[in-house]
Amino acid sequence: MSSEPSTSATAALNTAASTAAASLDTLGVNTLRFLSVDAVQKANSGHPGLPLGAAAMAYVLWTRFLKHHPADPGWFDRDRFVLSAGHGSALLYSLLHLTGYALPLDEIKQFRQWGSMTPGHPERGVTPGVETTTGPLGQGFGNGVGLAMAEAHLAARYNRPDFKIIDHHTYAIISDGDLMEGIASEAASLAGHLQLGKLIYLYDNNHVTLSAGTAITFTEDCARRFESYGWHTQAVKDGNDLAAIERALSSARAETQRPSLILLHTHLGYGSPHKQDSFEAHGSPLGAEEVRLTKEKLGWPAQPPFHVPETVRAHLREALARGEQAEAKWNEKFAKYAQAFPELAAELSELMRGELPAGWDADLPRFPADAKGMATRVASGKIMNAVAPHLPALIGGSADLDPSTYTALKGLGDFEPSGAATPDKQGSDSGGWSYAGRNLHFGVREHAMGSIMNGLAAHGGTVPFGATFLVFSDYMRPPIRLAALMGLHVIYVFTHDSIALGEDGSTHQPVEQLAGLRAIPRLIVIRPGDANETVAAWRVALATREQPVALILTRQDVPTLDRAQFSAADGLQQGAYILADAPKGNPDLILIASGSELALVVEARRKLLEKQIRVRVVSMPSWELFEAQPREYRDAVLPPEVGARLAVEAGVSQGWHRYVGSRGDVLAVDRFGASAPGEVMMREYGFTADNVYRRALALLEASPVPGYIENHLAS
């Protein structure tokens, strides 16, 4: 007699198993929903609508596709997940807790509270498993493009046949609000052009924003829009249909030549009897009674809050075993890779650790004294091309301005899909076209460039730079702020730094941008005064690991100072240093300058010395680096007892008064520019050695120092 079960018995078993799995899936989705809702309700603050509506897509992705190891959030070959719709952070925290990240349930209960690991919007470095700080809509969209570009670049450079060491996907959940932001259009257009096949976005298409339905502002056909960008698009009619979501994700993963957008039609605040599909569910707690009714409608116990069925916990914690197995398999593969390709493996390991290679700075140039000198943007380009061969992590480009910003890395190739049409101009001069290329072409997309740079840096293995004119830093201020908030190692190369750029006029002449950048906490701003200070600035920019750095560079030539007569440019690393001191004793006067104005105060000092005035010149290229120095050093550079101080900078005066004090003066630009040749602009705005000299004399006459009048008259 056969021991095999009958066909009908097998069918019954299969049906029972399928029913049990479906029941577990339903429990899992609802656990995500109500952990999130309870967190928002307890905090009496937050966004319950997205977690209720998007829990199903998140559940399918995290349980059936996402490659990650909750016990090792930094495992390099993990898939990256971005919640671009960061207002739905409670959903992400629920996912992280349930799958086994070091995020205890007590932290979910402290959602949005002081000192918790669950802030109002996801923050990198605060919560284990959060890849990038999101919340300002559209930023996560751009970050995801940068993450996918980093994966494609490193895979092209380091993978070998039979050794796919870098092989992961980038996923994101995006919202209607994300797609309304202009940055999403910029980043999506570039991603489609670049054919980023491992980039997959789930669009929570619920047709509701914070204040109303999207029908009053946003009625475009998003699928056709993204198809025109070169994306693969699919639509899922029911955003709670787990099987349909799984099929769509499988199809997206099978598409390797195009990024994918899956449009899931969902219901904001799903299950809420009175607030589903209403903006009232977007940004405010449902209220205790509505929470009770929503749980009742979806078959969830009203009490206790923060309920997690043990079967669900066990099911989602399977991610730990899967992740451990995946990482162990990858480690085994990497060990064999290291045996077959030891030099590549050593280089890649260094990149993954974020370390600079030994001898990276061996070829940093030193520029000879030259009265004509060169523009600091030109010096910067020479420096970049000297160090790039020794720094495999360095990758970047400009917003269509590399001929003007001097940021092309010659001979290092262009990041483009293989087989891309050859353009009229190659920024790299040679090196070919593939994802292995290190010259990025962002197009005229400053905002997306900044956000993509953040994604590149957040991925790891790259040190991205991006260049544009200083005045256009305004277009990328949101991602600059987020880079500072996250502590990302990104480098901004901002050229054409003042009214001295000349004929392009006031629309292109930055005056307030320096002050605006200096106002961003944790951003290091450096405005070098000559070619050798530019070398020192790049040294700081490359060696600084957990802060973004902005280099502010000239269009016009500036003299390369004779360092035999003046202090070494390495003093820049302290932010400010004594370039030239008074001949004897304490100075009567301190002249302070940054950037191109340094040469002016050097010349003015010469004239003042002829009048027997004891003058100290302080080069101050970076306020941030200076403020980081001990008080003793700062007082040695700017002695408190010397009140006669004149600061000179071709930007707004805002902020300089802290360094000149009540008895000092600032020669600055507190109005907009005009259209004229650069040298005319500088003369008309008072940036001449003669005017610095006159302002210094007037300052001394208003606040005479002992012996000054006698010395001046005697001369």
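**Loops, helices and a sheet in a predicted model**

Reader: Is Asn44 buried or exposed?
Author: The relative accessible area of Asn44 is 57%. The cut-off for exposed is over 50%. So Asn44 is exposed.

Reader: What is the phi of Asn44?
Author: Asn44 is a residue other than glycine, yet its phi is positive. The value is near 55 degrees.

Reader: Which loop holds Arg112, and what is its phi?
Author: Arg112 is found in the loop between α4 (105-109) and α5 (139-158). Arg112 is another residue other than glycine with a positive phi. That phi is near 65 degrees.

Reader: How do the axes of α7 and α16 cross: roughly parallel or roughly perpendicular?
Author: The axes of α7 (182-194) and α16 (446-459) come within 8 Å. They cross at roughly 70 degrees. Angles of 65 to 115 degrees count as roughly perpendicular. Therefore α7 is to α16 roughly perpendicular.

Reader: How many nonpolar residues are in the contact of α7 with α16?
Author: From α7 come Ile183, Glu186, Ala187 and Leu190. They meet Glu446, His447, Ala448, Ser451 and Ile452 of α16. Two residues of this contact are polar and two are charged. The nonpolar residues number five.

Reader: Which are the edge strands of the open sheet of five strands?
Author: The order is β1-β2-β3-β5-β4, with parallel pairing. An edge strand pairs on one side only. The edge strands are β1 (80-83) and β4 (232-236).

Reader: What does the twist of this sheet average from one strand to the next?
Author: The sheet is open and has five strands. From one strand to the next, its twist averages 15 degrees.

Reader: Which residue of β5 is the bridge partner of Thr233?
Author: Strand β4 runs parallel to β5 (260-265), and five bridges join them. In β5, the bridge partner of Thr233 is Leu261.

Reader: Which peptide bond is cis, with omega near -5 degrees?
Author: Look in the loop between α10 (288-297) and α11 (310-316), where Pro304 lies. The cis bond runs from Gln303 to Pro304.

Reader: Which residue just after α10 takes a positive phi?
Author: Within α10, Glu290, Val291, Leu293, Thr294 and Lys295 are buried. Just after α10 comes a positive phi of about 70 degrees, taken by Gly299.

Reader: How far apart in space are Gly661 and Ala644, C-alpha to C-alpha?
Author: Gly661 is found in the loop between α23 (657-660) and β20 (665-667). At 33% relative accessibility, Gly661 is partly exposed. Gly661 and Ala644 are 17 residues apart in sequence. In space, C-alpha to C-alpha, they are apart by 8.6 Å.

Key
Residues are numbered from 1 along each chain as its sequence is written. This is a predicted model: local features need pLDDT of at least 70, side-chain atom pairs count only at pLDDT 80 or more; totals for chains, interfaces and linings use all residues. Side-chain values use heavy atoms; hydrogens and water are left out. Axes are lines fitted to C-alpha atoms, for helices over the stretch in contact, and angles run from 0 to 180 degrees between N-to-C directions. Helices (H or I, at least four residues) and strands (E, at least two) are DSSP runs, numbered from the N terminus. Angles under 35 degrees count as roughly parallel, over 145 as roughly antiparallel, 65 to 115 as roughly perpendicular and the rest as oblique. Contact means heavy atoms within 4.5 Å. Ala, Val, Leu, Ile, Met, Phe, Trp, Tyr, Cys and Pro count as nonpolar, Asp, Glu, Lys and Arg as charged, and the others, Gly among them, as polar. Two strands pair if DSSP finds at least two bridges between them. Buried means under 20% relative accessible area, exposed over 50%, partly exposed in between (1.4 Å probe, protein chains only).
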